[in-house]
Amino acid sequence: MNVNLGLELIAPKVTPVLDPAFRPAVLACRAFRQQALATGQAVPVQIALEQADGSVSHFKTPIFPERHPKAAGNFIYLERIVKFLLWSRGGFRIYFDGPASLAAELARYYRESATGKFDSNLVGEKMFDHPLEVVHTQSLPPERSRATSLGRHLEGCRIGFDLGGSDRKVAAVMDGKVVFSEETVWDPYFEPDPQYHFDGIMDSLKKAAAHLPRVDAIGGSAAGVYVNNRVKVASLFRGVPPEVFNRRVKDLFLEVRKAWNNIPLEVVNDGEVTALAGSMSLGKNRILGISLGTSTAGGYVNAEGNITSWINELAFVPVDYNPHAPADEWSGDRGCCVQYFSQQCVGRLLQPAGIELDPKLSLPEKLKAVQKLMDQGDYRARKIYETIGAYLGYAVAHFTDFYDLENLLILGRVTSGPGGDLILAGAKAVLQAEFPELTGKIQFHIPDEKEKRHGQAVAAASLPAIPKP
């Protein structure tokens with residue numbers, strides 16, 4: 001449990017009460033780098049990820065020299081780092097300036113292993129229209145970033161919507177004020193007919209439009225990756241066969257826009273809107289938004305207050321390096337955020353907490369039961385939230401190695417009620433115990449219930465610019 005394919009794992013000072021086997025990625029990575037540098041012969045590795053639009057991001061790290069006893073951990077260390085980069089920044093071409101043997105092993109991993117092929121298919125082919133490619137080189141392309149000043153448009157009559165895995169939300173907004181909002185339960189994950197999704201979206205939009213004198217623009221957020229309003233990858237459509245996805249789903253939101261007389265419409269990843277909502281309400285930038293819902297959504301607003309071209313699909317980012325960590329039921333990979341910051345995590349922790357519920361209950365129903373127990377002061381429910389809080393503290397420290405980060409916005413159904421306060425308290429306790437240098441730098445924020453209900457919808461509604469007459 002303290003070694004993963006040659007990589008030394010470090011037991012945390014703050015042990016998640018329901019998961020003593022948790023081995024934080026951040027502790028393993030930082031110990032690895034410190035020990036590699038301490039040899040005096042550390043090998044520098046530079047990695048660049050290129051996106052289809054030419055955006056390039058860099059990351060560099062030391063590793064052990066080839067003949068060092070701990071060099072056995074070089075590959076798993078690098079593979080986990082690249083995994084984080086792939087799902088946070090995105091790209092299809094991986095430039096690798098380091099030992100040729102490790103570049104070849106990385107290329108083989110994405111070509112032959114099940115989890116590697118999953119990443120290559122979803123990130124490379126579906127998001128960026130190319131299979132993942134590993135290029136061994138000593139000359140990385142220069143960094144090129146693209147940021148978008150999307151959102152913050154509040155004038156006029158707008159509709160904002162948010163599509164989740166268990167409900168869809170919609171709001172009618174007039175000059176920045178919410179005049180109507182509604183939440184509708186739906187079950188899109190395994191629905192094979194995209195007409196179900198289209199009809200649900202249109203139903204919510206029509207209900208909101210009934211409360212406005214006119215509709216000037218529509219903005220939406222949904223789990224997945226969207227480029228120019230076209231669906232690239234989205235868990236909401238997992239049940240749709242590939243040929244139907246290509247024929248109908250890819251342009252589904254263009255179809256919605258056409259149904260609304262081609263008025264301005266923008267749809268982006270729900271995590272990006274989460275971060276934008278936080279930035280708008282707090283008046284702060286350098287903000288990472290994390291939504292603990294059906295899955296784990298992430299979004300980032302940079303120092304200038306803009307959304308970047310990074311994909312921020314944090315559900316697939318590894319935060320636990322225990323080789324026996326829980327596996328994601330979609331990718332099969334272990335230790336990824338989705339099993340630590342979502343309703344799935346709450347369901348997973350029921351058994352170690354000693355809470356018995358009807359196994360036929362859905363994850364949202366199980367969460368409601370845990371929240372009810374929490375309201376009653378049940379110590380077992382409390383342990384679930386304390387465990388998630390410890391997870392979060394170590395994850396946040398790991399995120400700071402990849403993001404220019406000062407503010408963390410936490411929201412989603414899992415954070416509702418007193419449990420959310422416990423999660424934040426647990427995360428702060430971890431930073432104080434393990435990462436005191438971050439306690440004054442990282443500010444945690446949980447929106448109040450009104451902001452939770454309306455903030456995301458207002459931010460989504462603000463996405464499209466209305467052309468000047």
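1. How many positive and how many negative side chains does the chain have, and how far apart do the centres of the two sets lie? There are 51 positive and 53 negative side chains, and the two centres lie 1 Å apart. Lys and Arg count as positive and Asp and Glu as negative, while His and the chain ends are not counted. Each charge is placed at NZ of Lys, CZ of Arg, CG of Asp or CD of Glu.

2. On the basis of these values: this is a predicted model, in which local features need pLDDT of at least 70 and side-chain atom pairs count only at pLDDT 80 or more, whereas totals for chains, interfaces and linings use all residues. Residues are numbered from 1 along each chain as its sequence is written, and side-chain values use heavy atoms, with hydrogens and water left out.

3. Overall form. A compact globule of 469 residues would have a radius of gyration near 23 Å, and the 22 Å of this chain agrees with that. The radius is taken over C-alpha atoms, and the globule rule is 2.2 Å times the number of residues to the power 0.38. Along the principal axes, the C-alpha atoms fill a box of roughly 70 × 55 × 40 Å. The chain has 14 helices and 19 strands; these are DSSP runs numbered from the N terminus, helices being H or I of at least four residues and strands E of at least two.

4. Of the 469 residues, 59% count as buried. Buried means under 20% relative accessible area, exposed means over 50%, and partly exposed lies in between, with a 1.4 Å probe and protein chains only. The chain exposes about 19,000 Å², of which carbon and sulfur atoms supply 50%; accessible areas come from the Shrake-Rupley method with a 1.4 Å probe, and for residues only the protein chains shown count as cover. Among contacts (heavy atoms within 4.5 Å) with a separation of 6 or more, 70% are accounted for by residues 24 or more positions apart.

5. Helix α1, residues 25-38. Its 14 residues should span 20 Å at 1.5 Å a residue, and the end C-alpha atoms are 20 Å apart, which agrees. The expected span is 1.5 Å times one less than the number of residues. Ten of the 14 residues are buried, so that α1 is mostly covered. Both Arg-30 and Arg-33 are among the buried residues, as are Cys-29 and Phe-32. The buried residues pack against β2 (7-8), β4 (56-63), α2 (74-88), α11 (379-399), α12 (418-434) and α13 (436-439). After α1 comes Gly-40, with a positive phi near 75 degrees.

6. Helix α5, residues 194-209. With 16 residues, α5 reaches 23 Å from its first C-alpha to its last, close to the 22 Å expected. Its buried residues include Pro-194, His-197, Phe-198, Ile-201, Met-202 and Leu-205. The cover over the buried residues includes strands β8 (157-163), β9 (167-174), β10 (177-185) and β11 (217-222), together with helices α6 (242-249) and α7 (252-259).

7. Leaving aside neighbours within four places in sequence, Leu-106 is in contact with Phe-75, Glu-79, Val-82, Phe-96 and Val-134. Gly-116 is ten residues from Leu-106 in sequence, and their C-alpha atoms are 9.1 Å apart.

8. Gly-393 lies in helix α11 and is buried, with a relative accessible area of 0%. Apart from neighbours within four places in sequence, Gly-393 is in contact with Ala-427, Val-430 and Leu-431.

9. His-445 is placed in strand β19 (residues 443-445). His-445 is buried, with a relative accessible area of 14%. Not counting residues up to four places away in sequence, His-445 touches Leu-282, Lys-284, Asn-407, Leu-408, Leu-409 and Ile-410. Gly-289 is 156 residues from His-445 along the chain, and the C-alpha atoms of the two are separated by 9.4 Å.

10. Positive phi outside glycine. Leu-5 has a phi near 50 degrees and lies in the loop between β1 (3-4) and β2. Leu-5 counts as exposed, at 64% relative accessibility. Asn-228 has a positive phi of about 55 degrees and lies in the loop between β12 (225-227) and β13 (230-233). Asn-228 also counts as exposed, at 66% relative accessibility.
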